[in-house]
Amino acid sequence: MNNFGFIKVASAIPVVEIASPAKNAERIIELIIQAEKQNVEVVSFPELCITGYTCADLFSSSALIQKAEEGLGKIVKATENLKVTSIVGLPVAVGNRLYNCAVVVSSGRIAAVVPKTFRPGYGEFYETRWFASAADSDVSEITLCGQSVPFGNDILVCLGDVTFGIEICEDLWTVVPPSSLQALAGAQIIFNLSASNAIAGKHEYRRNLVKGQSARTISAIVYSSAGFGESSTDLLFEGCGIIAENGTILAEGERFSSKEQLVVSEIDIERLLHDRRKNTSFMGSASDFGIEKTYREVTLPRNIVPFELTRKVDSMPFVPKGSSLDERCEEIFAIQSEALAVRLANTGIKSAVVGISGGLDSTLALIVTVEAFDRLGIDRKNILGVTMPGFGTTKRTKGNAVSMMESLGVSIKTISIAKACKQHFADIDHNPEITDVTYENTQARERTQILMDLANKCGGLVVGTGDMSELALGWATYNGDHMSMYGVNAGVPKTLVKHLVGWFADNKADAKTRKTLWDIIATPISPELLPADDKGNITQKTEDLVGPYELHDFFLYYFLRFGFSPEKIQYLAEKAFSGSYDKAVIEKWLKTFVRRFFNQQFKRSCMPDGPKVGSVNLSPRGDWRMPSDASWKEWI
C-alpha cells in the first residue's frame, strides 16, 4: 500500500489517577487500542503517565516503582497482537538510581528505555529530589519486565524507513535540546513526553517552542503533556497535545479537558528529508560535530497498515490564510517595490517604461513601479505607461488600462500595433487570416520592441510584467513579453497576483483607482492576441488553453518546493481539490504542467533579473537550475 511518504502518529493524553499504575495502565491500553483502530503507527503518552507526574515523595516508595513496572507489563502484554508502537512514561530503578523514563513498546516487546537528561529543580519543579540524570548513567542495558532492553539517552528507534528520537519535557526547554542532536543523527520525528503545568501565558510560549524546534531541526515533534487527574495541590496540568512539522502545527488537542484525548495526524517524512538534503547547513552539521557516531539504533519492523490522509492539504499553498493575508501582501509588495527602487538607485535611472494591458500582471507591475518611485521621491510622471492595442484588445481592458494610469498620475502613451504587425506579416509572407502562433507572437514581440525603444529614447528601464506561473508554464513569447530589464513579478505566482492587487486597492488606492482595480481583478485572464467576438468580448481565455492556474500553482509549489513525484502531487491534489476537480481533470492538467515545465526551461534559463519573494523561485541565478533539454516523458 502506497502511503506517499507519510506516517500516521498520535499524541495521547489519558486521564490519570495519582499513584495508581494498574488503573492508569488500563486507560493507556484503551487509548493504544483506539490508536490501532485509527491505523496510527506510533502513539506517544505524557511523562510518567503510568504513575502520574505529581506523585512527589511517593516516588521514593519501592512499592510504587514495582507497581509501575507491573503496569508496564500489562501494556506490553496487551500490545502483543497490535501493530501500533507505543511510548509511555514511568519511573525506572536502575541500581542505586531512579530515572524518569520513556519506554518504547512494540508487539509485546520493550524496544528501548530512554531516561530524561535535564531534570528541573527550580520554581515549582523538584525532579532533582527524586530522579537521576541520564548524563550520570554508564548503563547501556537493563532488565525490565523480564526483558533485556537497551537503556540510555543515546538511542534512536528505526521503524522501517522512519527514524525517531525521544526526549522528555525539560529536555526541550534547554539551551541545546537532545532533539537537536537526535535530528542531526537522523531522527525525522521527535516524541516529547511532558508534564508542563499551566500558568498564564505559558501555553503560547510552549506552542512556539514546539513549532520553533521542529523548524530548527527540520523534523516533526509529537508533544504529549499531562492532563486531567494530576494533582492540583499547587499546580494545574491542563493536558496539551501538539503535532508539529517543520514549523507548522498540524494538529492540537483541547486544553483543560476532563476527558482522554487522542490527537492524530500524518507526518510527511519525504517532505522533511527533501528539506534536509537541500539545506547544506543541516547536511554539514552532523559530520562537523561527529554526531552520527554517538547514537545507537534500535530497529523495529514497520507494519503495513491501511493509509488514508487526514491532514488538510491547502489548495492555495502560495496564498496566506485569514488575517495573515494582508500582512503578507504588504510584505511582498514592499519586497517588489524596494527591489525595483534599489535597481533604479544603483543604476542612476530615473524613468521607467511599463506596458499596460489592463490585465492583472501589468497592473501589479505598474503599482509596484509607482511605489518604487514614491520611495525614491521621483515624480510619477517619469513612469511611462504604454497601452498597445492589437487585434484582440477589448474596450474593457483598454479602458481600464487608461483609467488606471490616469488615476495613478503616470505619463500615458497609446500606440496601436495593428499597422506594424500587418506590415510584418507582409514582410515574412504570413497570411493574417491564419491566427496561429506566428500571428500571436508577432504582436507580443512588436510590443516588446516598442517598450525597449521607448526606454532607450527616455533613458529608462523596462519593467517586466510576467509572473512566476507564466514562467513555469512558458506562457510567454520568447524575446517578447518574456523579456524586460527588470521583472518585478518574477517571484509572484498567478494565484497571489490578484490578492496583491486587491490589497493595494483596499489599502493604498483612492476611490477611483480602487474601482478600476477591482474590475481588472474580475476580468478573465487573457493575452488578448486573438480577435474579440462580435460583442467585443475576450475570446482567448488562458485557463481554457493551459488549464486552471490554481491547479498549476499547486503543482508548481509541490514540485519545486519539496521535489515530490507527479504521483504524489496527483494524490495531494485530489485531496486538496475534492469537489472542485475530479481525478481525470487533475491528471490531464498535471501532465500538461510537467510537459510544459520541462519543455519551456529554455525561457527561464535566460530570464531577466527579478526579486525572490517566497520559498519558490525559478531564477537560474537563484533557486532553480535545470538543463533545457531534460526529458519530460518518464515523469508522466
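A polar contact is a pair of N or O atoms within 3.5 Å; within protein, one must be able to donate a hydrogen and the other to accept it. In this predicted model, such a contact of 2.9 Å joins the side chains of Ser194 and Tyr223. Ser194 belongs to strand E10, which spans residues 189–194. With a relative accessible area of 0%, Ser194 is buried, because buried means under 20%. Apart from neighbours within four places in sequence, the residues in contact with Ser194 are Pro46, Glu47, Cys169, Tyr223, Ser224, Ser225 and Ala226.

**The six-stranded sheet**

An open sheet of 6 strands is arranged in the order E5-E4-E3-E2-E1-E14, and its pairing is mixed. Strand E5 (109–115) and strand E14 (261–268) stand at the edges with a single partner strand each, so one side of each has no neighbour in the sheet. On average, neighbouring strands of this sheet are turned by 30° against each other, direction ignored. Strand E4 (residues 97–106) and E5 run antiparallel and are joined by 6 bridges. One of the bridge pairs links Ser106 with Arg109 of E5. Helix H1, residues 21–37, packs on this sheet and touches strand E1 (6–13), strand E2 (42–44), strand E3 (85–94) and E14. The direction of H1 makes about 40° with that of E14.

**The five-stranded sheet**

A further open sheet consists of 5 strands in the order E18-E17-E16-E19-E20, with parallel pairing. Its edge strands are strand E18 (411–414) and E20, each of which pairs on one side only. Strand E16 (residues 352–355) and strand E17 (residues 383–387) run parallel and are joined by 4 bridges. Val354 has Gly385 in E17 as its bridge partner. Helix H9 packs on the sheet, where it touches E16, E17 and E19. The direction of H9 makes about 160° with that of E16. Helix H10 (residues 395–408) also packs on the sheet, touching E17 and E18, and its direction makes about 165° with that of E17.

**Helix H8**

Helix H8 covers residues 324–347 and has 24 residues. From its first C-alpha to its last, H8 reaches 35 Å, close to the 34 Å expected at 1.5 Å a residue. The buried residues of H8 are Leu325, Cys329, Ile332, Phe333, Gln336, Ser337, Ala339, Leu340, Ala341 and Leu344. Their cover includes helix H9 (360–376) and helix H14 (494–507), together with strand E19 (461–464) and strand E20 (486–487). After H8 comes Gly348, with a positive phi near 75°.

Most residues other than glycine have a negative phi. Asp429 is not a glycine, yet has a positive phi of about 60°. Asn479, also not a glycine, has a positive phi of about 60°. Both residues are placed in loops, as set out below.

| Residue | Phi | Loop between | Relative accessibility |
|---|---|---|---|
| Asp429 | about 60° | helix H11 (418–427) and helix H12 (437–458) | 72% |
| Asn479 | about 60° | helix H13 (468–473) and E20 | 47% |

Asp429 counts as exposed at 72% relative accessibility, because the cut-off for exposed is over 50%. Asn479, at 47%, counts as partly exposed.

Key:
Residues numbered from 1 in each chain as written. Predicted model: local features only at pLDDT ≥ 70, side-chain atom pairs only at ≥ 80, totals over all residues. Heavy atoms only, no water. Helix = DSSP H or I, 4+ residues; strand = E, 2+ residues; numbered from the N terminus. Buried < 20%, exposed > 50% of the residue type's maximum accessible area, 1.4 Å probe, protein only. Contact = heavy atoms within 4.5 Å. Expected span 1.5 Å × (residues − 1). Pairing = 2+ DSSP bridges. Axes fitted to C-alpha atoms, helices over the stretch in contact; angles between N-to-C directions.
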